[in-house]
Amino acid sequence: MGFRDVSKCRTRDLNLFLPKEGVMSRLGAREIILGLFFLVFLFKAIYLDHLSLQYDGTLYGEMIAEESDKLTFLPRYLGTWAPWKPGVYFIVYSFFLPFTSILFDSIEWIYKSPNLLFSAINALLFYLLAKRFVKAEIALSASLLFYSSYGVIYTDSRLLMETFSLTPILLSFLFYTWKDMEPVKRFLGAGACGLLAALTKSVISFMIIPLAIAYILQEDRKNLGNPLFLASLLSPFLGFLLFYLALDSVGLVDEVLIKDTGKFFVYDYFVKIPYNLFQGFLFFFYMFWAYIIVSFRTFLSSWKKYAFFSAWLAIFFIPLLSGSPMPWHFYYIAPALAFFAAICLPSKGKMDSFSLLIILLLVFSNIMFFVFMVDFSDDVPKEAELRDMGLMLSGKENVLIIGDYSYNTVIVSYKMLSERKDLGAPLDFGYVILNIPAEKELNEAQQSSMLTEIVANYDTEKYDFEEDTFADMFQTDKILRKKTSIEQFQYVVVSPASLNITNPCYTLQYNGTQSKIYRLVEEPDCR
């Protein structure tokens with residue numbers, strides 16, 4: 001069954017490529033797998049600063065830094081409330097900053113290095129969890145396949161919440177599957193970890209409930225009606241309630257829970273669902289194609305036996321049915337895929353040379369696929385240019401950054417975080433994000449005209465601005481404008497590079513492929 005069903009090629013011809021005594025006779029499967037763990041860890045460390053801060057990570061870096069300045073349960077961005085998620089992730093990562101800021105020079109290592117720790121912790125927790133269902137060797141193989149999967153390497157290399165937010169979820173599962181523990185400690189521990197998961201990323205913490213029920217139904221039915229077990233299932237609801245109350249205390253329930261979180265299920269849902277399903281399946285296969293191919297037949301024949309992991313795998317429907325699937329949303333099902341991939345490898349319950357050969361091929365195919373996607377991606381050099389622009393502007397005063405969100409957040413992130421590292425705090429700067437509603441879509445000439453007006457008069461009220469909060473920045477139709485005390489800007493950064501400002505007081509200093517930098521001229525009339 002599974003991969004072994006297609007391993008009939010394991011004949012005398014294949015054995016010509018394998019040592020007669022087998023690799024295991026010299027090292028043993030455990031030592032080889034641990035060695036591969038170390039190699040994957042080194043690979044993740046080497047590639048940690050190959051990728052610039054991207055996507056949500058361009059915001060998270062500053063939000064972590066602001067938590068380090070002042071701990072608050074609701075995170076902030078640019079000094080205003082921005083609680084798109086609860087604060088636990090930002091608080092925990094902020095504890096590392098005093099150490100990583102001393103140990104490392106690069107922004108990527110300062111902010112992303114905790115990923116290396118929590119990714120390794122997740123691998124250990126998943127090994128301990130899998131060992132309760134299969135032999136230790138197979139559990140170790142499953143943990144390695146999880147740790148080295150393309151989807152996990154992809155996520156660990158970026159400043160995203162998923163690496164950390166999986167940790168309390170795995171801890172919760174460890175408690176639920178710990179049948180020898182006293183019920184009070186067992187279910188109290190599971191509930192506490194579920195609460196921590198909900199206070200890290202509320203929506204995904206609800207995956208704990210169906211998986212816990214699936215395990216108890218199959219493995220520990222006598223506790224199905226245990227009040228302690230039933231109470232522990234309420235922990236995601238409790239976490240969500242605490243998040244709601246915190247949002248309500250600052251008047252942001254509508255902006256966050258309805259407009260931001262709610263967008264995944266409410267706005268134009270039935271219009272967008274066909275495209276989202278296609279995109280979601282594409283992301284799912286692209287992140288885990290090797291494991292899907294290897295484990296498909298094993299899953300079909302073993303899903304009832306391993307109902308807990310089958311329920312876990314079914315979680316992949318959540319991002320598929322959401323309003324905006326992203327590649328990293330599928331991170332949470334990587335352990336289940338790795339488990340089914342691992343259980344189809346042993347021969348007669350043991351990991352032999354052929355099993356190890358398949359593991360090697362899977363691990364190195366994941367690594368090579370990641371290297372290929374990084375080295376041949378069009379986005380990587382573009383983001384590197386934006387990163388270098390942000391570093392170039394670091395330490396420069398009276399800067400205005402204006403234009404499109406996806407470009408400017410990279411520049412802003414590197415400028416601010418570099419100034420925090422070198423100066424202790426970011427300098428004041430002007431910042432405008434253009435949000436143009438589809439029904440009011442402007443061509444490039446009209447947008448350039450708008451930018452020129454804002455540069456000439458930053459405090460203009462001609463357009464519909466939002467200055468008080470960035471909480472609904474992903475949903476608002478207003479132009480976002482950061483408050484600043486700067487009266488005249490020395491540098492103006494415009495993104496994308498197709499936009500221009502036409503002001504005789506500013507001359508083009510840098511013309512990049514992604515952005516432009518204008519500088520104030522020395523003429524007396526311009527001062």
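Which helices each supply at least two residues of the lining of the largest cavity? Helix 2 (29-46) and helix 9 (150-156) do, with helices taken as DSSP runs (H or I, at least four residues) and strands likewise (E, at least two), numbered from the N terminus.

A note before the views. This is a predicted model, so local features need pLDDT of at least 70 and side-chain atom pairs count only at pLDDT 80 or more, while totals for chains, interfaces and linings use all residues. Residues are numbered from 1 along each chain as its sequence is written, and side-chain values use heavy atoms, with hydrogens and water left out.

View 1. Searching the whole structure turns up one cavity of 30 Å³ or more, and the volume of the largest cavity comes to about 50 Å³. A cavity here is a set of points on a 1 Å grid over the protein atoms alone where a 1.4 Å probe fits but cannot get out, and lining residues have an atom within 4 Å of a point. Grid points are joined across faces, edges and corners, and the volume is the space filled by probe spheres set on the points. Around the largest cavity sit Phe43, Lys44, Tyr47, Leu116, Ile153, Asp156, Ser157 and Phe370. Sorted by class, that lining has five nonpolar, one polar and two charged residues; Ala, Val, Leu, Ile, Met, Phe, Trp, Tyr, Cys and Pro count as nonpolar, Asp, Glu, Lys and Arg as charged, and the others, Gly among them, as polar.

**View 2. A nonpolar patch on the surface.** Phe38, Leu39, Phe41, Leu42, Ile46 and Phe364 make up this patch, and together they have about 550 Å² of accessible area. Helix 2 gives the largest share, five residues. To join a patch, a residue needs over 30% relative accessible area and no salt bridge, with nonpolar side chains (Val, Leu, Ile, Met, Phe, Trp, Tyr) joined within 5 Å. Areas come from the Shrake-Rupley method with a 1.4 Å probe, and for residues only the protein chains shown count as cover. Phe41, in helix 2, counts as partly exposed at 31% relative accessibility; buried means under 20%, exposed over 50%, and partly exposed in between (1.4 Å probe, protein chains only).

View 3. Look for Ser232 in helix 13 (residues 227-232). Ser232 is buried, at 5% relative accessible area.

View 4. The whole structure has 15 salt bridges, each a side-chain nitrogen of Lys or Arg within 4 Å of a carboxyl oxygen of Asp or Glu. One of them pairs Glu108 with Arg387 (4.0 Å, N to O). Glu108 lies in helix 6 (residues 107-112) and Arg387 in helix 21 (residues 379-393), so this pair ties together parts that are 279 residues apart in sequence. Both ends are buried: Glu108 at 5% relative accessibility and Arg387 at 18%. Arg387 also meets Asp388 in a salt bridge (3.4 Å, N to O), and Asp388 is partly exposed at 41%.

**View 5. Glu461 and Arg481.** Here the side chains of Glu461 and Arg481 form a salt bridge (3.4 Å, N to O). Glu461 is in the loop between helix 23 (444-456) and strand 5 (465-466), and Arg481 is in strand 6 (residues 479-481), so the pair ties together parts 20 residues apart in sequence. Glu461 is exposed at 62% relative accessibility, whereas Arg481 is buried at 1%.

Terms used:
On a 1 Å grid over the protein atoms alone, a cavity is a set of points where a 1.4 Å probe fits but cannot get out, and a pocket is an open set with protein on both sides within 12 Å along at least five of seven lines; lining residues have an atom within 4 Å of a point. Patches are made of residues with over 30% relative accessible area and no salt bridge: like charges are joined within 9 Å, nonpolar side chains (Val, Leu, Ile, Met, Phe, Trp, Tyr) within 5 Å.
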